[in-house]
Amino acid sequence: MPHFDLCVIGSGSGNSLLDERFNHLKVALVDAGVQGHFGGTCLNVGCIPTKMFVRPADLAYAHVEAERLGVRLAPGSADWPKIRDRVFGRIDAISSAGRDWRIRNEHITLLEGESRFVDERTLGVAGGKITADRYVLAAGSRPHALEVPGADQVTVHTSDTIMRLDTLPRTMVIIGGGFIAAEFAHVFASFGVKVTIVNRSNALLRQEDEEVSQRFTRLMSKRIPVRLGQHLTRLEPDEGGVLVVASDAEAIEYEYGAEVVLNATGRIPNSDRLNLSATGVEVTEGGYVKVDEYQRTTADGIFALGDVCSPWQLKHVANHETRVVQHNLLHPDDLIPANHDAIPHAVFSHPQVAAVGATEQQLREQGRDYVKAVQDYGSVAYGWAMEDRDGFCKLLACPHTGKLLGAHLIGEQASTLIQPLIQAMSTGLTAREMARGQYWIHPALTEVVENALLSLPLEGYEREPDPVDE
């Protein structure tokens with residue numbers, strides 16, 4: 001039975017962990033593959049390919065905004081095979097090259113296939129067994145399966161498969177109302193697909209700040225049919241596609257026919273596939289591996305990182321946890337903790353959404369003192385240039401210290417505009433220090449952040465008026 005100094009389970013961020021500092025160790029890298037591809041979720045079915053689809057979708061939808069500015073553009077049309085093949089022509093090549101490179105590494109043994117623990121230090125994989133002194137669980141997550149009558153009788157796509165469709169469908173029903181639903185609704189609607197969202201809650205992006213969620217729901221509902229407060233009842237084969245049956249709180253049924261159905265109801269960690277009960281590794285009710293501040297599990301010598309233990313399910317969080325685990329494996333007598341403060345996220349739909357810190361509803365529930373400011377994009381010069389009527393920056397701060405508690409943006413460039421606010425929250429910079437301690441380029445859209453900071457009614461400061469552009 002082969003024995004290794006270290007075994008890493010997962011080829012996403014787990015693969016990134018193994019740099020030249022581990023060359024003195026005998027290492028096993030176990031890869032179950034994502035839809036048959038090496039490299040994990042982000043590379044193959046997540047962050048990278050989805051955003052490669054979002055960019056052409058933004059261009060295809062540009063005619064709507066151009067009309068407001070006096071520019072006549074034809075509604076965008078999509079050459080689906082060309083768009084798809086551009087994306088995966090690059091992605092698949094990177095995945096294949098990464099696999100080949102690992103195979104050539106002398107100190108790393110790549111083992112491909114599903115794996116399950118047999119006991120505390122023995123792992124069954126690729127038809128055999130191995131042992132290791134230390135393990136890193138980086139097995140990631142997978143789409144949550146639909147468990148309704150008929151789900152096994154029809155084809156239901158997930159984010160793992162929807163981007164590789166052979167042809168662009170005429171109609172699509174998306175089940176769910178989170179970020180996956182929001183992004184793919186934008187992509188396929190922009191490409192001319194008649195999209196309908198069916199969501200059991202009464203708002204899209206309901207985990208966002210309530211004002212952002214409400215604004216996004218209203219704007220998406222203007223583009224496509226959004227059916228709220230309806231839960232999926234069953235799926236039936238239908239001529240040319242699938243019949244989606246949902247019901248509301250009064251048990252009234254609604255039927256939606258579509259060529260393609262996308263299940264966008266979230267993702268679950270892959271911890272249940274590893275037989276962790278044999279190791280002493282504990283998991284939460286939601287299936288996440290329990291870790292301490294050093295990313296150690298409840299079993300000695302076993303670490304975890306990424307989606308298998310992180311409820312944020314964000315690549316930048318997994319990257320940070322990878323760096324922490326790298327250090328702690330190499331320096332067991334000088335451990336460093338993971339920093340899970342001020343974790344930001346973004347939704348690359350139209351409009352974009354980005355946030356960091358607490359929502360207003362969370363602060364109310366916690367009984368915390370806070371003040372807020374909401375600054376419309378259209379109140380600053382670049383917002384005027386865009387004729388923007390919908391975007392805003394919302395800030396929440398402690399009235400006593402002036403430190404930010406949360407930041408929420410919806411609109412153009414939201415995922416970029418939020419970065420200085422992330423930095424302020426990470427470093428403890430106060431709103432006034434941030435607003436007046438640096439220059440803000442005029443007339444860049446960043447002025448919406450500056451003005452929101454100045455508008456916060458903080459103790460010890462008179463409320464400053466918005467700068468007037470001349």
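**Labels and what backs them**

User: Why is Leu-73 called partly exposed?

Analyst: Because its relative accessibility is 44%, and the label covers values between the two limits: buried means under 20% relative accessible area and exposed over 50%, with a 1.4 Å probe and protein chains only. Leu-73 sits in the loop between helix H3 (47–68) and helix H4 (80–104); helices are DSSP runs of H or I with at least four residues, strands are E runs of at least two, and both are numbered from the N terminus.

A word on ground rules: this is a predicted model, where local features need pLDDT of at least 70, side-chain atom pairs count only at pLDDT 80 or more, and totals for chains, interfaces and linings use all residues. Residues are numbered from 1 along each chain as its sequence is written, and side-chain values use heavy atoms, leaving out hydrogens and water.

User: Then why is Thr-131 called buried?

Analyst: Its relative accessibility is 16%, so it falls under the 20% limit. Thr-131 lies in strand E6 (residues 128–137).

User: Which other residue has a positive phi without being glycine?

Analyst: Gln-313, with phi near 50 degrees. Gln-313 is in the loop between strand E16 (302–304) and helix H7 (315–330). Most residues other than glycine have a negative phi, and most peptide bonds are trans.

User: How do you know that the peptide bond from His-350 to Pro-351 is cis?

Analyst: Its omega is near 5 degrees. Pro-351 is in the loop between strand E17 (344–347) and strand E18 (353–357). The bond from His-442 to Pro-443 is cis as well, with omega near 5 degrees.

User: What makes up the lining of the second largest pocket?

Analyst: Twelve nonpolar, eight polar and eleven charged residues (Ala, Val, Leu, Ile, Met, Phe, Trp, Tyr, Cys and Pro count as nonpolar, Asp, Glu, Lys and Arg as charged, the others, Gly among them, as polar). H3 gives the largest share, eleven residues. His-350 and Pro-351 are among the residues nearest the pocket's centre. A pocket here is an open set of points on a 1 Å grid over the protein atoms alone, where a 1.4 Å probe fits, with protein on both sides within 12 Å along at least five of seven lines; lining residues have an atom within 4 Å of a point.
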